Amino acid sequence: MEGFQGFTEDCIQFFWGIRFNNERAWFQANKSVYEEKVLAPLRCLAEEVYDRFLEENPRLPLIMRVSRIYRDARRLHGRGPYKSNMWFTLRAAGEDWARQPAFWFGIDPEGWDYGLGMYQAAPSTMALLRQDIDREGKEIVKLARGLERQTRFHLSGEEYKRPKGSPPAPLDRWYNRKTLTLACTRPVDELLYSPDLVDELLEGFQSLLPYYHYFQGLCSREGTV
């Protein structure tokens, strides 16, 4: 089977189209574009990245999931029935996966991103992170300093309205987060249209493994605070 060959301009134009024509009639008229130019290459990319990443890291307890373009009908809140972006995740199995670290790739009409995140981190997990920072734990200090020395990924995530504290830099950027995301964000570029995107994601995910293992360790320690 032919491997991932890159996305195309048709994919990006489809996302722009659904953003401004978010209704069933437009989607049905363009469904073949969605299936051939969006869903098929996204699944191909996800499968290739997942297979090669797990081949290098066979002990990682990860499954691969590709998002649906259909919004949950219970959560439309006045929005159209379709998403104008899609993604895949390499994540833990189970309903509480969003509380654990997950690798992801996403694409929308304005660009693409990928990285590692805990989208709904438990308060107890983040309390353990603050505890490690307060103790100046070697692992979190090393990871925080390592993030400052590179330029590919940036730290983000919702912060508490009332700060929990103010440790010295660079740990101050970690301390007051409700959630954590390490993201590489890029505009639409030639790499998105190239099979080399696979290697970019694999290299990036591999470089984030120390953070994945640390976050996973925090999750496994929940309940000790």
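Which residues lie nearest the centre of the largest pocket? The close-ups below take up that question and then move on through the fold. This is a predicted model, in which local features need pLDDT of at least 70 and side-chain atom pairs count only at pLDDT 80 or more, while totals for chains, interfaces and linings use all residues. Residues are numbered from 1 along each chain as its sequence is written, and side-chain values use heavy atoms, with hydrogens and water left out.

**View 1. The largest pocket and its lining.** Ser 67, Lys 83, Trp 87, Thr 89 and Trp 97 lie nearest the centre, among 23 lining residues. The space in this pocket is about 530 Å³. On a 1 Å grid over the protein atoms alone, a pocket is an open set of points where a 1.4 Å probe fits, with protein on both sides within 12 Å along at least five of seven lines, and lining residues have an atom within 4 Å of a point. Points are joined across faces, edges and corners, and the volume is the space filled by probe spheres set on them. Strands β1 (63-66), β2 (86-91), β3, β4 (111-118) and β6 (180-187) each supply at least two lining residues; strands (E, at least two residues) and helices (H or I, at least four) are DSSP runs numbered from the N terminus.

**View 2. The largest nonpolar core.** Phe 105 and Trp 174 touch the most other members of this 68-residue core. Helix α3 (residues 31-56) gives the most to the core, with 10 residues. Such a core is a set of buried Ala, Val, Leu, Ile, Met, Phe, Trp, Tyr and Cys residues joined through side-chain atoms within 4.5 Å. Buried means under 20% relative accessible area, exposed over 50%, and partly exposed in between (1.4 Å probe, protein chains only). Leaving aside neighbours within four places in sequence, Trp 174 has contacts (heavy atoms within 4.5 Å) that include Leu 129, Ile 133, Tyr 211 and Phe 215.

View 3. The structure holds 25 aromatic pairs. Phe 53 and Phe 103 have ring centres 5.2 Å apart and planes at 75°, so they are edge-to-face. Rings of Phe, Tyr and Trp (its six-membered ring) pair if their centres lie within 6.5 Å, with planes under 30 degrees apart counted as stacked, over 60 as edge-to-face and the rest as tilted. Phe 53 is buried at 1% relative accessible area, and Phe 103 is buried at 0%.

**View 4. Ser 84 in the loop between β1 and β2.** Is this serine buried or exposed? Ser 84 is buried, with a relative accessible area of 13%. Not counting residues up to four places away in sequence, Ser 84 touches Phe 15, Ile 18, Arg 19, Asp 108 and Pro 109.

**View 5. Backbone details in two loops.** The peptide bond from Ala 169 to Pro 170 is cis, with omega near 0°, and Pro 170 sits in the loop between β5 and α6. Glu 136, in the loop between α4 (123-134) and α5 (138-149), has a positive phi near 55°. Most residues other than glycine have a negative phi, and most peptide bonds are trans. Glu 136 is exposed, at 59% relative accessible area.
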